[in-house]
Amino acid sequence: MAEQRTLKRIGVVVHQDRPLAAELAARVIAWSEALGATVMLTDADARAAGAPSLAVESEQLVTADVVVAIGGDGTVLRAVGMVADAGVPLVALNAGQLGYLADVAPERAEWALDELAAGRGRLEERMRVQATVTPAAGDPQTPISTRTGLNEVVVERSLTGHTLRLRVYLDGEFFTSYVTDGMVVATPTGSTAYALSVRGPIVAPTHRALVMVPVAPHLLFDRAMVLEASSTVELEVVGHRSAVLSVDGQSGTEVAPGGRVCCSMAPVPARFIRFEQLRFHDVLKRKTVFVGFLMAMLTKSGA
C-alpha cells in the first residue's frame, strides 16, 4: 500500500568527480523543482552538480524529508554519515561501478523518483555501529569521542611492519588477547566490505549482529565471531605501540597505549527507501563476478 510522503525539502549528495553523477544530479534537481520542493546540497556538491545557488551548510541536510545520494557506495556512506542520526531516509542512485548500497540504476532514476513521490518505496533499516574511544587512565588531555559507521569500525596498527597488541572484552568480560595487524568490528552491511576481505562471514544486511574479525592474527585462534546486536566489543590497546581507528574507511583517530575503543550498536539505524526487491545474495553474486573479472583483467594487463 502506498505511503504518502512529504517531499518539501530534498537533499542531494553527489560524487564530485564523475560526469554521470553530475548528470544524474541535474536530473534530480529538475525533478525536485518541478515537484515544488526546495533542493539542498553542500557547497562542494552544489559546485560538482553545476548548481552553486542551491548550496547550504551541511548541517541543514538533516532537515530534509529525503536525501538522494548519487554515486557509488562511498557516496552513500558519506550521505549516511551526514543525516542518519536525524533519521532522514536515503534514496541511492548508482553512478559507480557495482552499486552494492547504491541500488538504483541510472536509467531507472526518474522511475524511482516517481515511485518515491507516489509513496511506493519500501523503507529498509540497516544497523550501524558506533565506536567510543576512551583514553588511557591518567590522560586528562584527550577527550572521550564517539564515531558512527554503517560498515565497520577498524582498530589497526599505526606502524607498517609492526604488530598491534589488543586485549578484547565482550560485554564487559575479558575474552582474550590478540597480536594482530588489526581488528574489524562490522555490521551485517559491512560484512561484505573489509570484513569479507579478511575472510569474515557474510551476514544478510538487514540482520542485526556485530561481526568481529581479526586481521592476520599471530595466534591459533583466528576465527571470526558473530555476536548479538546488543553485545559490546571493547578493544584495549596494550604494549607500547599506538593504534589507529578508522570508521567506514575514514581514519585519523589515534588510540594511544592504554586507550580503549568500545564498539556497540548505534541507537539510530540508517534508513533507505528501496523500490525493487533485490535479494542481497544476487548483489553479492554480481560483486563476486565483477571482482573476478577485474582481477582477470589486471592479471592479463600485467602479463
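Two strands count as paired if DSSP finds at least two bridges between them. Helices (H or I, at least four residues) and strands (E, at least two) are DSSP runs, numbered from the N terminus. Here are some notes to go with your own look.

This is a predicted model, in which local features need pLDDT of at least 70 and side-chain atom pairs count only at pLDDT 80 or more, while totals for chains, interfaces and linings use all residues. Residues are numbered from 1 along each chain as its sequence is written, and side-chain values use heavy atoms, with hydrogens and water left out.

1. A pair of strands to begin with: β9 (residues 164-170) joins β10 in the antiparallel sense over seven bridges. Within this pair, tyrosine 169 stands opposite phenylalanine 174 of β10.

2. Now the sheet around that pair. Six strands form an open sheet in the order β7-β6-β17-β14-β9-β10, with antiparallel pairing. β7 (145-149) and β10 (173-180) stand at the edges with a single partner strand each, so one side of each lacks a neighbour in the sheet. From one strand to the next, the twist averages 20° (axes are lines fitted to C-alpha atoms, and angles run from 0 to 180 degrees between N-to-C directions).

3. Helix α1 (residues 19-34) has 16 residues, which at 1.5 Å a residue should span 22 Å; its end C-alpha atoms are 23 Å apart, which agrees. The expected span is 1.5 Å times one less than the number of residues.

4. Which residues of α1 are buried? They are Ala21, Leu24, Ala25, Val28, Ile29, Trp31 and Ser32, where buried means under 20% relative accessible area, exposed over 50%, and partly exposed in between (1.4 Å probe, protein chains only). Seen down the axis of α1, these buried residues fall within an arc of 165° (taken from the directions from the helix axis to the C-beta atoms), so they line one face of the helix. The face turned away from the buried side of α1 carries the exposed residues Pro19 and Ala34.

5. The cover over the buried residues of α1 includes β1, β2 (38-40), β3, β4 and α4 (109-118), with contact meaning heavy atoms within 4.5 Å. Just after α1, glycine 36 takes a positive phi of about 85°.

6. Helix α3 (residues 73-83) buries Thr75, Val76, Leu77, Ala79, Val80 and Val83. Their cover includes β1 (9-14), β3 (66-71), β4 (90-94) and β18 (270-274).

7. Finally, valine 213 in strand β12 (residues 209-215) is buried, with a relative accessible area of 2%. Its C-alpha atom is separated by 5.1 Å from that of valine 184, 29 residues apart along the chain.
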